[in-house]
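Today I am going through the charged side chains, pair by pair. Here is the model I had open while writing these notes.

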Amino acid sequence: MTRSAPDSCPGVLRLHQAADGPLARIRLPGGAITPDQLRALAAAADELGNGSIELTSRGNVQLRQMHDAAALAERLERADLLPAPTHERVRNIVASPLSGRSGGWSDVHPLVAQLDAGLRAAPELAALPGRVLFTLDDGRGDISGLAGDIGVHATDEAEFALVLAGRDSGARIGADRAVDTMLAAAHSFQRLRGEQWRLREVADGPARILTELALEPTAEPMDFVARHDIPIGWLTQADDRVALGAAVPLGALPARTAEFVAAVEHPILITPWRSLVVADMDEWTAEQVVRVLAPMGLIFDANSPWLAVTACAGRPGCAKSLTDVRADAADAVASGRVLPVGAPAPDLSGVGADQVVVAGRQHWSGCDRQCGRPAGPVTEVVAESGGYRITGPRADDRPH
């Protein structure tokens with residue numbers, strides 16, 4: 001497949017002109033953000049934009065209606081959220097959020113910093129497409145199913161599987177070679193890709209990369225599937241401290257709520273499921289955080305129907321959308337027409353489009369492009385003239 005248009009993924013220095021105004025996307029490698037950085041984002045959202053921070057499916061964030069691009073860039077540079085302007089759009093790195101704190105074979109968060117530094121140190125990798133995704137899975141299987149381009153998946157404490165185009169290549173590498181191998185694969189992809197944006201679009205791309213890296217499959221490939229076991233609620237860490245996982249309805253975090261999250265003054269991770277984790281707390285602090293943030297709209301209940309719903313931007317942010325899908329999805333949740341994951345599917349026969357009850361994981365879209373659709377089986381709720389078309393659940397076989 002040949003691309004007829006240039007890669008137009010937004011960043012901080014190249015904003016996307018959305019229907020409701022300029023949109024900035026800020027990369028957060030591994031989803032990690034400090035309290036001070038979150039305060040900087042909240043202030044920018046409040047003073048330069050629409051007052052909300054959007055969480056993305058890659059653990060990044062977006063700010064909408066940015067009316068002063070220069071002021072935004074200056075603020076983010078001061079907050080160390082723009083450490084390499086030439087490489088800002090290619091720092092798409094997702095990692096197992098709870099790695100090193102609970103479960104998994106190996107703590108992959110140190111590898112995030114090493115990979116990010118390696119990307120920024122290579123001038124030629126600045127030309128990678130903004131859609132390339134690097135994945136670091138500590139072996140629990142939460143990240144490798146997210147259809148990344150280049151990644152590693154821990155098979156034990158000292159070994160990783162090399163993941164190419166979202167699949168296990170069969171090649172195995174030592175933990176000490178993981179980052180260097182990923183960087184070498186990124187260089188190889190840049191040489192091979194032509195005008196393609198994703199590795200899966202390059203003919204025999206994974207095999208050609210293995211050849212360039214002089215690696216051979218030595219193990220039976222593992223199967224990766226998209227998982228949505230979002231870390232929500234009270235999460236006891238291996239050191240007996242507490243992490244709290246909080247869902248953010250439709251991924252929209254109000255600036256004021258973000259300020260309260262930052263005020264906890266503990267490590268924060270943005271997850272690929274549009275949620276966040278606040279880590280390394282004692283039990284008393286965690287209890288106070290829930291008491292303050294739950295009334296502000298953050299979801300700490302793993303059975304909440306909000307965990308079942310994702311949505312595209314819809315109106316007014318997208319000119320192609322037929323309706324305000326986020327408002328419609330929120331109304332469906334509030335009125336009990338969205339059932340939690342695991343609930344039995346309802347009988348939809350004879351039910352009007354404005355009365356539909358949808359059970360389980362679902363994605364609401366304002367048009368047939370279905371932007372933001374998560375990987376894996378999901379029911380599709382797509383706007384059309386006169387209401388919504390409901391299809392599924394079915395797996396998504398499209399590139400992400």
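I began with Arg120 and Asp116, whose side chains meet in a salt bridge at 3.3 Å, N to O. My criterion for a salt bridge is a side-chain nitrogen of Lys or Arg within 4 Å of a carboxyl oxygen of Asp or Glu. Both residues sit in helix α3 (residues 109–120), four residues apart, about one turn of the helix. Helices here are DSSP runs (H or I, at least four residues) and strands likewise (E, at least two), numbered from the N terminus.

A note on the source: this is a predicted model, where local features need pLDDT of at least 70 and side-chain atom pairs count only at pLDDT 80 or more, while totals for chains, interfaces and linings use all residues. Residues are numbered from 1 along each chain as its sequence is written, and side-chain values use heavy atoms, with hydrogens and water left out.

Next I looked up accessibility, taking buried as under 20% relative accessible area, exposed as over 50% and partly exposed as in between (1.4 Å probe, protein chains only). Arg120 is partly exposed at 32%, whereas Asp116 is buried at 7%.

Then I turned to Asp149, which forms a salt bridge with Arg198, closest N and O atoms 2.8 Å apart. This pair links distant parts of the chain, 49 residues apart: Asp149 is in the loop between β7 (134–137) and β8 (150–154), Arg198 in the loop between α4 (178–192) and α5 (205–212). Asp149 is buried at 1%, and Arg198 is buried at 2%.

I also noted a salt-bridge network linking Arg101, Asp239, Arg241 and Asp280. My count by this rule is 20 salt bridges.
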